[in-house]
Every structure is written in structure tokens, then in C-alpha cells.
Amino acid sequence: MMDNISIITMFTLSGLSSTTNFRVTLFALTLLCYCMIWMVNLTIIVTVIVDRKLHEPMYIFLCNLCINGLYGTAGFYPKFLIDLLSPTHVISYAGCLLQGFVLHSSLCADFSFLVLMAYDRYVAICRPLVYQSVMSKEKIGMFVVFAWLIPLYLVLVGTITTSISRLCGSHIPKIYCVNFLIGKLACSASIANTIIPAFNYTFYFLHFLFIVWSYICLIKTCIFSSENRSKFMQTCVPHLLCLIVLAVCSLFDLLYMRFGSRHLSQNVQNFMAIVFLLIPPIVNPLIYGFKLTQIRNTVVQFLCGIYKTKLFCGEN
């Protein structure tokens, strides 16, 4: 039998057939959202890099979280914008695997960085005497590297396993590619295609349990200390909100993709599919930008400096 790659070279994506009458409007709104994602995330990234006072573990992890937000959305929005203006919605075999890899690895990396941020707050509040030794520059660098490499490796293994499966179909009932839907097109069931996703889900569920455990410890520590309560409200609440937003959005899409009803309208299905690519990348930087005083003050000072410069130039 011929290799599956020689048989299937293109996939068709469904979901945009019902948007014919308002594609230009949808294109404009999507482009606006993508520009907003770049603006808010890039603001946090540049602020953390430029301001040396922000070269601390919490802000370094936040900077990487925002970089990951740009990485993940880059795997979806450019192709989606092109599809909105195109009469045909197809994607190459390699492009489909790449898109699935980027979206999956970005989502996993989000949880990795949120775990690091939870661990940072746990050590800072519950074990302050060892904070400097535990969160040294060398260890922070190691944490960041592993937070990137582990999701990339785990998702790469799943993508390779999916790529060697023989496929008996080329239609993906979604507006973007994911490994689960590609695997459903396989001619026969594969043990590897079951075990690897199950391991990944379990691995990142343990991430979630670790965050829950860290917050139980944080709450116990903060109950009897007004100083610790202040730290908790200042740095832990934004992290908790980001975790809730990401967990709800990703769980929403995951459960719908596996158990969802086909009786919902196509537009509702499309919204469910992109909710984790729309809300967390915009909301997370805004939450931290408004809540963390140091970031907010740095951004305000920068904007005031630009305004004063323009005003001075205008007077001259």
C-alpha cells in the first residue's frame, strides 16, 4: 500500500460556509482582535525587558507567558484571515500538522508558565527565607527552558505519531487543525494515538493539581498575616484569574470537540473553537497590566513620556 502522505496531501476545513454574507465584517473584527493581541502582549513583553526593576522571577515568567500567547495565536489567525477572504478552505498535510503542533504546544506551555508563577508565589509567601536561593538567576533560566522544551517535546511526539498513521479521509470538521481530529481520520485505531494524548492530559492535569495545592498553602499562610494577604491580593489574584480563564476556555473547547452536539449552529461551533485563542491572549496581559502596580506604573510613565515629548515638540 502507498504511504499515506502520498495519498493525502491536502485537508479541507469546514466551518466558514455559513459566513458568506458577512465575511468582510468578520475579517475586520478578527484582524482587530489579532492586532489587539499583539499590542497588549507586546506592551507587557517590552515593559518587562526594558525596565530592569521588573527583572524578577514573576515578571520573567509573565513575559514568557505573553511571548507564548503570540506564538500560539500566530498558528491560527494568519491562516484564518486568509480563509475568510478565500472561496476554498484547504490546508496542506504538512501545514495541518504544523498548525496542530503550534496550537497544542502553546496551550501546554501556558499551563507550564502558570505552574512556574504559582510556584514562585508559593516560595515567596510560604518560604520567604529560601526564596533567593530557590529562585536564583540560574534556576529561573532552567525553569524557563524546561517550560518551553517539555511542551514542545510532548506535543512533537504526538504529532509524529499522528503523521505516520494511514488516513482514510481528508475532511476536518473545524476551522483549524488539531491532532485529535487528524487521528480520527486514521484507517485503523492506534494504541500510540490513545496512550500519548492520555499521558499528556494526565501530565497537565497534575500541573493543575499542583497549582491547587500551592493555593491551599498560600491561603493557609495568608489568613493570619495582613502583609501576606496584601501580597496575595497583589500578585496571586491576577495569576488565579488567568488560570481560571485559561482552564475554562481550554476545557470548554476540549469537551465540546469530544462530546459536543452537532445540533448547534455552525457559528456557535466556530466561537467555541476559537474561544481559547481569543479570550486568554487578550485578557491575561490586561489582568496583569491593570493589577500589578509596577507594570502599570511603568506603562503609564512611558505613555506620559511620549505625550510630554510630543507636547514639547509641538510647542517648538
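Q: Which residues make the nonpolar surface patch of about 510 Å²?
A: In this predicted model, the patch is made by Phe 205, Leu 206, Phe 208, Leu 209, Val 212 and Ile 216. Phe 205 has its place in helix H9, residues 191-222.

Q: Why is Phe 205 called partly exposed?
A: Its relative accessible area is 48%. Buried means under 20% and exposed means over 50%, with partly exposed in between. The value for Phe 205 is 48%, so Phe 205 is partly exposed.

Q: Why does Thr 73 count as buried?
A: Thr 73 has 1% relative accessibility. The cut-off for buried is under 20%, so Thr 73 counts as buried. Thr 73 lies in helix H3, residues 57-74.

Q: What does Thr 73 touch, not counting residues up to four places away in sequence?
A: Thr 73 touches Tyr 34, Ile 37, Pro 78, Leu 277 and Pro 281.

Q: What does the side chain of Thr 73 reach at 2.8 Å, and why is this called a polar contact?
A: The side chain reaches the backbone oxygen of Gly 69. A polar contact needs a pair of N or O atoms within 3.5 Å, one able to donate a hydrogen and the other to accept it; the distance here is 2.8 Å, so it is within the cut-off.

Q: How many salt bridges does a search of the whole structure find?
A: The search finds two.

Q: What makes the pair Asp 83 and Lys 79 a salt bridge?
A: Their side chains meet at 2.6 Å, N to O. The limit is 4 Å between a side-chain nitrogen of Lys or Arg and a carboxyl oxygen of Asp or Glu, so the pair qualifies. Both residues lie in helix H4, residues 77-84, four residues apart, about one turn of the helix. Asp 83 has a relative accessible area of 3%, which is under 20%, so Asp 83 is buried.

Q: Are Asp 120 and Arg 121, which meet in a salt bridge, buried or exposed?
A: The side chains of Asp 120 and Arg 121 meet at 2.7 Å, N to O. Asp 120 has 0% relative accessibility and is therefore buried. Arg 121 has a relative accessible area of 10%, under the 20% cut-off, so Arg 121 is buried too.

Q: Which residues have the most contacts inside the largest nonpolar core?
A: They are Phe 11, Leu 62, Phe 76, Ile 172 and Tyr 176, in a core of 88 residues. Helix H5, residues 93-126, gives the largest share of this core, 19 residues.

Note on methods: Residues numbered from 1 in each chain as written. Predicted model: local features only at pLDDT ≥ 70, side-chain atom pairs only at ≥ 80, totals over all residues. Heavy atoms only, no water. Core = buried A, V, L, I, M, F, W, Y, C linked by side-chain atoms within 4.5 Å. Buried < 20%, exposed > 50% of the residue type's maximum accessible area, 1.4 Å probe, protein only. Helix = DSSP H or I, 4+ residues; strand = E, 2+ residues; numbered from the N terminus. Contact = heavy atoms within 4.5 Å. Patch = residues over 30% accessible without salt bridge, like charges linked within 9 Å, V, L, I, M, F, W, Y side chains within 5 Å. Areas by Shrake-Rupley, 256 points an atom, 1.4 Å probe, with all protein chains shown as cover.
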